[in-house]
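Here are my notes on a helix pair and a sheet, as you asked. Have the model open while you read.

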Amino acid sequence: MKLYEKIGNDLREAIADGGLKPGHRVPSVNELCSQYRVSNITINRVYRELAKDNLIERLGKSYTVCSEPAVIYREKRTDTIGFFLRPPRLYDPRDNHFNIINTTIHRELTRHGFNLYMPNCCFCLDKLVSMTPAKLEEFGPAMLECADSVDAFIVDERIPDEILSPVVEKTGKPMIIVDRCSKLPVDTVMPPNRENLFHALDLARQLGYDAIIYIASGQPKYNSIELSRFFQEYCEAEYFAPENTCRIEGGSFYPLRTTLDSLDAAIQKLQRKNCKTLLFSETGGLYESLLEYVQNRPELQLTRNFGIMLSCNFGYLQDIAVKPAILGSNPEQIGVEVVKNLLWRLENPAAPPGDFRIPPEFIPGNSLYTQSSHINGGNKS
């Protein structure tokens with residue numbers, strides 16, 4: 001560590017511990033030069049760095065601690081990260097998405113010399129049925145208990161904002177939420193939901209689809225999928241006429257029969273208009289059932305007057321004959337992005353929080369159009 005960095009960290013620690021209180025005078029150039037046996041050039045550099053981070057401000061010829069100094073944590077590095085992600089589970093060909101995110105983050109943190117602290121309460125995140133309100137309430141105390149021992153938190157999408165808010169307020173530690181957005185002043189790393197949806201709707205329009213049935217996932221508010229809101233804001237206004245738009249609930253929170261009954265009603269409405277219909281599902285877990293449903297309806301001809309698209313590249317059997325068109329997201333890239341931004345945050349604690357999204361990825365499959373379909377510009381991916 002360079003000498004000016006050590007002096008800066010010493011002053012940061014004094015501010016964080018209350019040794020230097022808001023409004024108090026910071027030791028002068030001469031005092032610090034004498035204490036650390038350095039030149040005034042070095043001390044002035046320290047002042048500039050602290051002022052840039054909104055920790056001190058100039059008052060006349062001297063500096064004082066800001067009235068509301070930024071939260072300090074960089075001086076207490078422990079090289080340990082609070083790892084509040086769902087644990088890896090047995091490989092499932094239908095959904096290995098978060099396993100890959102977890103192992104990638106673990107690998108990248110280890111490669112950069114970090115230890116991981118993962119409390120027992122994280123095991124309830126593995127299955128939705130085990131995430132009772134009582135279990136979720138355990139996360140706040142668990143995070144506060146380890147706050148002095150970790151440099152930052154990496155948090156699962158399934159832990160809601162109301163649990164995390166007191167932790168953010170009381171600890172001031174960096175926090176990255178994986179796979180969902182947040183209203184808290186923390187960093188997030190997400191799939192490119194918005195970009196992928198725009199891509200899908202542009203493609204559907206080019207392929208001549210003039211109606212859409214949107215199957216919302218039915219996921220609770222902690223889930224990362226924002227597509228329902230995007231759908232309402234943009235799809236209905238810019239891509240499809242409101243009378244050619246149907247939104248139904250589906251996914252693991254609704255019985256399959258209920259979803260299919262709603263699908264029946266929506267198809268009957270649109271078929272009377274002779275629409276070419278896109279079936280867009282937020283969840284991949286319904287894909288085989290939706291495909292079987294369409295194949296058993298002679299009036300629905302896949303890729304001709306009816307197409308299927310999924311919002312995620314997991315939740316279906318990989319060896320299925322008719323591959324779905326997918327708005328994909330690379331889980332390994334999500335994990336790498338989490339660690340990259342965490343390392344940046346530890347070095348830039350005063351920077352405003354950001355929502356980081358990986359590049360969009362569209363997988364054509366063969367449930368939306370055939371290879372002979374004409375697409376403007378010839379772009380199929």
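1. H6 passes H7 in a right-handed crossing (the near helix is turned clockwise from the far one by less than a right angle). Helices here are DSSP runs of H or I with at least four residues, strands are E runs of at least two, and both are numbered from the N terminus. Keep in mind that this is a predicted model: local features need pLDDT of at least 70, side-chain atom pairs count only at pLDDT 80 or more, and totals for chains, interfaces and linings use all residues. Residues are numbered from 1 along each chain as its sequence is written, and side-chain values use heavy atoms, with hydrogens and water left out.

2. The axes of H6 (residues 139-146) and H7 (residues 161-171) cross at roughly 20 degrees and come within 8 Å. Axes are lines fitted to C-alpha atoms, for helices over the stretch in contact, with angles from 0 to 180 degrees between N-to-C directions. H6 and H7 are therefore roughly parallel (angles under 35 degrees).

3. Who touches whom? On the H6 side, Phe 139, Gly 140, Met 143 and Leu 144 meet Ile 163, Leu 164, Val 167, Lys 170 and Thr 171 of H7 (contact means heavy atoms within 4.5 Å).

4. Now the sheet: it is open, with 6 strands in the order E4-E3-E5-E6-E7-E13 and parallel pairing (strands pair if DSSP finds at least two bridges between them). E4 (115-117) and E13 (355-357) are the edge strands.

5. E3 (residues 80-84) and E4 run parallel, joined by 3 bridges; Gly 82 has Tyr 117 in E4 as its bridge partner.

Conventions: Angles under 35 degrees count as roughly parallel, over 145 as roughly antiparallel, 65 to 115 as roughly perpendicular and the rest as oblique.
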